[in-house]
Amino acid sequence: MIERKGVSGWWRVATLGCLVLLAVALATGMSMFEQFKAQIQHVQGQLKDTAQVKYIAVLNDDKQAPAMLVTLALQDTALQIQRLNAVTEGREDSMQLWALSEGDPVRSLGVLQSKGKTLRLPASERDMASATTLAISVEDKGGAQPGKGPRLPYLFKGSVIQKAL
């Protein structure tokens, strides 16, 4: 009998099987990588579309009960104001939002036109950047005269919090 010196058929089959297994693992890894990239892009898109509130203030009444929630998101051009109590202005009155800051005169941010639970008031980050406190006063219908401060004491008042993003 002649003995063959070489690689047996079993080793050839095992090597071929390992190569097939390696190819399948490589294809699976590449597919998973592409799926992971797509998921990251999807989450980044969602994050971009999610409002990122930068300024927030809870305005309290004289008993320190929350009366209004005021927020400004970075991508927004309006303050979001939510009434937290049932207080509304009378027929001949208007509520007016004021920005107060140390050493500066009080600035009007606008008159609350809606009696609804939530409303928007045009504003920008520049309007809020120097404000340390927001306050609401009751004024004659249409609000205070331009350049003048509130005529009555503040009905609601609260500190402005600038969130770190």
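Q: In this predicted model, what percentage of the contacts between residues at least 6 apart in sequence join residues at least 24 apart?
A: The model is a predicted one, and the contacts considered here are those in the protein chain between residues at least 6 apart in sequence. Within that set, the share that joins residues at least 24 apart is 59%.

Q: In what order do helices and strands follow each other along the sequence of the protein chain?
A: The protein chain has two helices and eight strands. Read along the sequence, these elements give the pattern α-β-β-β-β-β-β-α-β-β.

Q: Is the protein chain spread out or compact, judged by its radius of gyration?
A: For 165 residues the globule rule gives 15 Å, whereas the radius of gyration of the protein chain is 32 Å, well over that value. The C-alpha atoms fill a box of roughly 120 × 35 × 25 Å along the principal axes. Because its radius of gyration is well over the rule's value, the chain is, beside a compact globule, more spread out.

Q: Is Thr-71 buried or exposed?
A: Thr-71 has its place in strand β2, and the residues that Thr-71 touches, not counting those up to four places away in sequence, include Val-53, Tyr-55 and Leu-79. Its relative accessible area is 16%, and a residue under 20% counts as buried. Therefore Thr-71 is buried.

Q: Is Gln-64 buried or exposed?
A: Gln-64 lies in the loop between β1 and β2, and its phi is near 65°, a positive value in a residue other than glycine. The relative accessible area of Gln-64 is 56%, and a value over 50% counts as exposed. Therefore Gln-64 is exposed.

Q: How many Å apart in space are Thr-71 and Ala-27, C-alpha to C-alpha?
A: Along the sequence, Thr-71 and Ala-27 are 44 residues apart. In space, taken from C-alpha to C-alpha, the distance between Thr-71 and Ala-27 is 49 Å.

Terms used. Residues are numbered from 1 along each chain as its sequence is written. This is a predicted model: local features need pLDDT of at least 70, side-chain atom pairs count only at pLDDT 80 or more; totals for chains, interfaces and linings use all residues. Side-chain values use heavy atoms; hydrogens and water are left out. Helices (H or I, at least four residues) and strands (E, at least two) are DSSP runs, numbered from the N terminus. The radius of gyration is taken over C-alpha atoms; the globule rule is 2.2 Å times the number of residues to the power 0.38. Contact means heavy atoms within 4.5 Å. Buried means under 20% relative accessible area, exposed over 50%, partly exposed in between (1.4 Å probe, protein chains only).
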